[in-house]
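Visitor: I have a structure open and would like to talk it through with you. Can we go step by step?

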Amino acid sequence: MKYEYQKACKCGNVDSIEVTRKEAAFGLKEKEIWSQECSKCGNKEFTSLSHPQPEFKTDLLIEWGNNADYFFMEQDEDLMLADEKYIDLILEVLDNHQILSQKRNVLIEALCVIIYDNNVSEENNADLTDRVAKELKKRKTDVLNAQDWIMDYIKEVSFPIIGIEYVSKKTNSSEHKEKNNIWNKLKQIWN
Ligand SMILES: [Zn+2]
């Protein structure tokens, strides 16, 4: 399998730049490719750049899970992984492989997002919710460890379904007070 970026130049030329699977998965060559000159006219600007996207497999997820500098995407990785087709893969990595705690949190959040997605839309899939909730109940410690990481609106919907009490930040005393204190101090400085 070939992994290629297609970089289109204003002159009409399209350069194909081959990268390895790992480079493609984590965009490791992206900056270099951005600044690469067009092979025909030498211009560095491009009109479009298509990214190769290798399929998620256990090995890629483990590699990602052990390197804080590797990202499948700059943002919203949890949303990207929140797909029914990745559930088995995610569980396999959670249960059988050593990965960084922040990466575990992303995987747990992805599962919570699946529950969220299937309880707020019109195409709710109750079977899918049940399946994921059952898996998360078995891994409650992981969910509790991830709770500060997971976005509030996701927790609000998914936690009661998993059987974990959702404590709103708004009513959660100490952290809220702490923030207020900082805010008040800042206001004093500004005034
Ligand atoms: Zn060109």
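Visitor: What share of the contacts with a separation of 6 or more comes from residues 24 or more positions apart?
Guide: This is a predicted model, and in it residues 24 or more positions apart account for 64% of the contacts in the protein with a separation of 6 or more.

Visitor: And how many helices and strands are there?
Guide: The protein has 10 helices and 3 strands, and along the sequence these follow the pattern β-β-α-α-β-α-α-α-α-α-α-α-α.

Visitor: What percentage of the residues is buried?
Guide: Of the 191 residues in the protein, buried ones make up 21%.

Visitor: Let's go to the sheet. What is the strand order?
Guide: The order is β2-β1-β3 in an open sheet of 3 strands, and the pairing is antiparallel. The edge strands are β2 (14-19) and β3 (48-50), each of which pairs on one side only. On average, and with direction ignored, neighbouring strands of this sheet are turned by 15° against each other.

Visitor: Over how many bridges do β1 and β2 pair?
Guide: Strand β1, which covers residues 3-8, pairs with β2 in the antiparallel sense over 6 bridges.

Visitor: Now P52. Where does it lie?
Guide: P52 lies in the loop between β3 and α3 (58-65).

Visitor: Changing topic: at what angle do α5 and α6 cross?
Guide: The axes of helix α5 (residues 87-96) and helix α6 (residues 101-120) cross at roughly 145° and come within 10 Å, and α5 passes α6 in a left-handed crossing.

Visitor: Which residues meet there?
Guide: From α5, I90, V93 and L94 meet R104, L107, A110 and L111 in α6. Sorted by class, the contact of α5 with α6 has 6 nonpolar, no polar and 1 charged residues.

Definitions and conventions: Residues are numbered from 1 along each chain as its sequence is written. This is a predicted model: local features need pLDDT of at least 70, side-chain atom pairs count only at pLDDT 80 or more; totals for chains, interfaces and linings use all residues. Helices (H or I, at least four residues) and strands (E, at least two) are DSSP runs, numbered from the N terminus. A residue is buried if 20 or more other C-beta atoms lie within 10 Å of its own, exposed if 12 or fewer, and partly exposed in between; C-beta atoms are placed from the backbone. Two residues are in contact if their C-beta atoms, placed from the backbone, lie within 7 Å. Axes are lines fitted to C-alpha atoms, for helices over the stretch in contact, and angles run from 0 to 180 degrees between N-to-C directions. A crossing is left-handed if the near helix is turned anticlockwise from the far one by less than a right angle, and right-handed if clockwise. Ala, Val, Leu, Ile, Met, Phe, Trp, Tyr, Cys and Pro count as nonpolar, Asp, Glu, Lys and Arg as charged, and the others, Gly among them, as polar. Two strands pair if DSSP finds at least two bridges between them.
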